[in-house]
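Please keep the sequence and the 3D view open as you read.

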Amino acid sequence: MLIRFKKTFEKIAMGLMSFMPNEKDIKKLQHTMKEYEENPDWQLFLWKEEDIIGLIGVAASDEVVEIQHISVNPSHRQEGIGKKMIKELRSIYSNQELKPNQNTSAFFDKCDFEVDEIVDKEINESDI
């Protein structure tokens, strides 16, 4: 389940954020975290199951929600967590277009393809 970032989760969020290739530098990472805390258009969400294992950050406007960061703890990758985060974001921001930035586009495109594939399969099976 997605939960909104709180200052008490800062160390966990920074750890997850540091898996993003453009957030390896500590000063850049600290600047990014500060932006999520202070900019009302930037929202950071954490994925919580038993523990917090994922993170997704967006910049939201009236019409578009841009996915800026997405990260999953390496020991929980390949379990569909990233796809679940995007799916839940779609329900949170149902009136806005959800789109990736250059750092998240490859993952976003992969998720859209797989979601479309599942929908197509369900439609074809219902026609039988």
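## About the model

This is a predicted model, in which local features need pLDDT of at least 70, side-chain atom pairs count only at pLDDT 80 or more, and totals for chains, interfaces and linings use all residues. Residues are numbered from 1 along each chain as its sequence is written, and side-chain values use heavy atoms, with hydrogens and water left out.

## The overall layout

The protein chain has four helices and five strands. Both are DSSP runs numbered from the N terminus: helices are H or I with at least four residues, and strands are E with at least two. Going along the sequence, their order is β-α-α-β-β-β-α-β-α.

Of the 128 residues in the protein chain, 36% are buried. Here, buried means under 20% relative accessible area, exposed means over 50%, and partly exposed lies in between, using a 1.4 Å probe and protein chains only. A contact means heavy atoms within 4.5 Å. Among contacts in the protein chain with a separation of 6 or more, 55% are between residues 24 or more positions apart.

## The nonpolar cores

In soluble globular proteins, nonpolar side chains tend to be buried together. A nonpolar core is a set of buried Ala, Val, Leu, Ile, Met, Phe, Trp, Tyr and Cys residues joined through side-chain atoms within 4.5 Å. The largest one in this model has 19 residues, and Ile 56, Ile 67, Met 85, Ile 86 and Leu 89 have the most contacts inside it. Two or more residues each come from strand 2 (42-48), strand 3 (52-60), strand 4 (64-72), helix 3 (81-92) and helix 4 (105-127). There is also a second, separate core of 14 residues, with Met 14, Tyr 36, Leu 44 and Leu 55 among them.

Which residues does Ile 56 contact, leaving aside its neighbours within four places in sequence? They are Leu 2, Gln 43, Leu 44, Phe 45, Ile 67, His 69, Ile 70, Met 85, Ile 86 and Leu 89.

## Leu 89 and Phe 45

Leu 89 belongs to helix 3 and is buried, with a relative accessible area of 0%. Not counting residues up to four places away in sequence, Leu 89 touches Leu 2, Phe 45, Ile 56, Val 58, Ile 67 and Leu 98. From Leu 89 to Val 65 the C-alpha to C-alpha distance is 9.2 Å, though 24 residues separate them in sequence.

Phe 45 sits in strand 2, and its relative accessibility of 2% makes it buried. With residues up to four places away in sequence left out, the residues that Phe 45 touches include Leu 2, Ile 56, Leu 89, Ile 92 and Tyr 93. Phe 45 and Ile 70 are 25 residues apart in sequence, with 9.6 Å between their C-alpha atoms.

## Helix 1 meets helix 2

The axes of helix 1 (residues 10-17) and helix 2 (residues 26-38) come within 11 Å and cross at roughly 125°. These axes are lines fitted to C-alpha atoms over the stretch in contact, and angles run from 0 to 180 degrees between N-to-C directions. The two helices are therefore oblique to each other: angles under 35 degrees count as roughly parallel, over 145 as roughly antiparallel, 65 to 115 as roughly perpendicular and the rest as oblique.

Helix 1 supplies Glu 10, Ala 13, Met 14 and Met 17 to the contact, while residues from helix 2 include Leu 29, Met 33, Tyr 36 and Glu 37. Glu 37 is partly exposed, with a relative accessible area of 35%. Beyond neighbours within four places in sequence, Glu 37 is in contact with Phe 5, Lys 7 and Glu 10.

## Two loop residues

Is Gln 78 buried or exposed? Gln 78 is exposed, at 78% relative accessible area, in the loop between strand 4 and helix 3. Most residues other than glycine have a negative phi, and most peptide bonds are trans. Gln 78 has a positive phi of about 65° although it is not a glycine.

Asn 101 is found in the loop between strand 5 (97-100) and helix 4. Asn 101 is buried, with a relative accessible area of 15%. Apart from neighbours within four places in sequence, Asn 101 is in contact with Glu 66, Ile 67 and Gln 68.
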